[in-house]
Amino acid sequence: ILGGYEARPHLKPFMASLQLDGQHVCGGFLVAEQWVLSAAHCTEETGDKLFQVLLGAHSLTEQEPHKRLYRVRAQFPHPGSNKHNNKDDLLLLQLEEKAELNADVQVLPFQREDRDVAPDTVCEVAGWGITSHSGRRPDRLQQVERPVISRDVCNHRTRHDGTITNNMMCTDSRRKDTCKGDSGGPLVCGGVAEGVVTAGSRVCGNYKKPAIYTRLAPYAAWIDGVMASADG
Ligand SMILES: CC(C)CC(=O)Nc1cccc(-c2cccc(CN)c2)c1
């Protein structure tokens with residue numbers, strides 16, 4: 001997160017850190033007791049290795065009462081996701097067992113009504129992604145508030161030039177923005193997850209490249225279907 005600040009510890013109990021060999025790679029969030037939602041492009045550099053999922057954390061390194069690392073039973077990238085564009089950039093991770101819910105580990109509901117969030121709505125996004133262009137990685141969860149911008153503005157030829165589909169949404173990226181390592185985290189508007197951070201142009205903090213999110217409402221049936229089909 002660029003231009004943000006340290007989140008109040010454990011006030012975002014839905015946040016997940018997707019890790020490989022103890023290293024934070026991407027964000028995610030608990031959509032059900034045994035399921036975490038993230039971004040499919042997070043698996044680009046992992047091959048077929050499975051992530052581990054850290055829940056209940058504020059600091060990535062310090063001991064905390066409800067912090068726990070879960071193994072992943074299976075990973076389900078959306079069938080339409082690919083490395084050449086941001087389409088269908090969602091990844092469902094089935095935990096080896098149901099997460100133990102408590103004050104620091106809670107499910108976050110996602111939007112099921114397929115209606116655009118109004119432009120200028122201020123939403124918040126959190127993550128352990130880099131906090132500077134030099135690539136500084138935070139130990140503690142960061143957050144920032146960002147206004148939604150309309151798809152028309154985001155699709156302007158000087159911005160994302162028509163690549164933003166109805167399944168995507170954008171927020172202003174002037175100075176305050178998402179960045180490497182924030183992918184997969186939720187865009188929360190009015191206490192509900194409206195979108196999931198995608199890397200898009202992999203540029204951060206430049207107002208000409210607004211932040212892009214995969215909207216969740218259009219994918220409610222896919223999310224429910226995967227969770228229902230995988231062995232319970
Ligand atoms: C395996 C993946 C972690 C590789 C990757 O995603 N790299 C990467 C590099 C630079 C910027 C970003 C990035 C992320 C989230 C939002 C944005 C745009 N605000 C950029 C992402």
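1. The largest cavity holds about 40 Å³ of space. This is a predicted model, and the structure has one cavity of 30 Å³ or more.

2. Which residues line the largest cavity? They are A7, R8, H10, L11, K12, G56, A57, H58, D104 and L141. By class, this lining splits into four nonpolar, three polar and three charged residues.

3. The largest pocket has a volume of about 760 Å³. Its lining comprises 39 residues, and V25, C26, K180, G181 and D182 are the closest to the pocket centre. Of the lining residues, 16 are nonpolar, 15 are polar and eight are charged.

4. Which strands supply at least two residues each to the lining of the largest pocket? There are β2 (15-20), β3 (23-32), β12 (192-198) and β13 (211-215). The largest share comes from β3, with four residues.

5. The second largest pocket has about 260 Å³ of space. It is lined by 16 residues, of which H41, E44, N82, K83 and N85 are the closest to its centre. The lining has three nonpolar, nine polar and four charged residues.

6. Where does the ligand sit? The space it takes is the largest pocket. Around the ligand are 13 residues, and H41, D177, T178, S183 and V203 come nearest. By class, this shell has five nonpolar, four polar and four charged residues.

7. H41 is among the residues that come nearest to the ligand. H41 is also one of the residues closest to the centre of the second largest pocket.

8. An N or O atom in the H41 side chain lies 3.2 Å from a ligand oxygen atom. How much of the ligand does the protein bury? Taken alone, the ligand exposes 510 Å², and the protein buries 92% of that area.

9. To recap: the ligand takes the space of the largest pocket, with 92% of its exposed area buried by the protein.

Definitions and conventions:
Residues numbered from 1 in each chain as written. Predicted model: local features only at pLDDT ≥ 70, side-chain atom pairs only at ≥ 80, totals over all residues. Heavy atoms only, no water. Near = heavy atom within 4 Å. Polar contact = N/O pair within 3.5 Å; in protein donor to acceptor, adjacent residues only side chain to side chain. Areas by Shrake-Rupley, 256 points an atom, 1.4 Å probe, with all protein chains shown as cover. 1 Å grid on protein atoms, 1.4 Å probe; cavity = no way out; pocket = protein on both sides within 12 Å on 5 of 7 lines; lining within 4 Å. Sits in = over half its atoms within 2 Å of the grid points. Nonpolar A, V, L, I, M, F, W, Y, C, P; charged D, E, K, R; others polar. Points joined across faces, edges and corners; volume = space filled by probe spheres on them.
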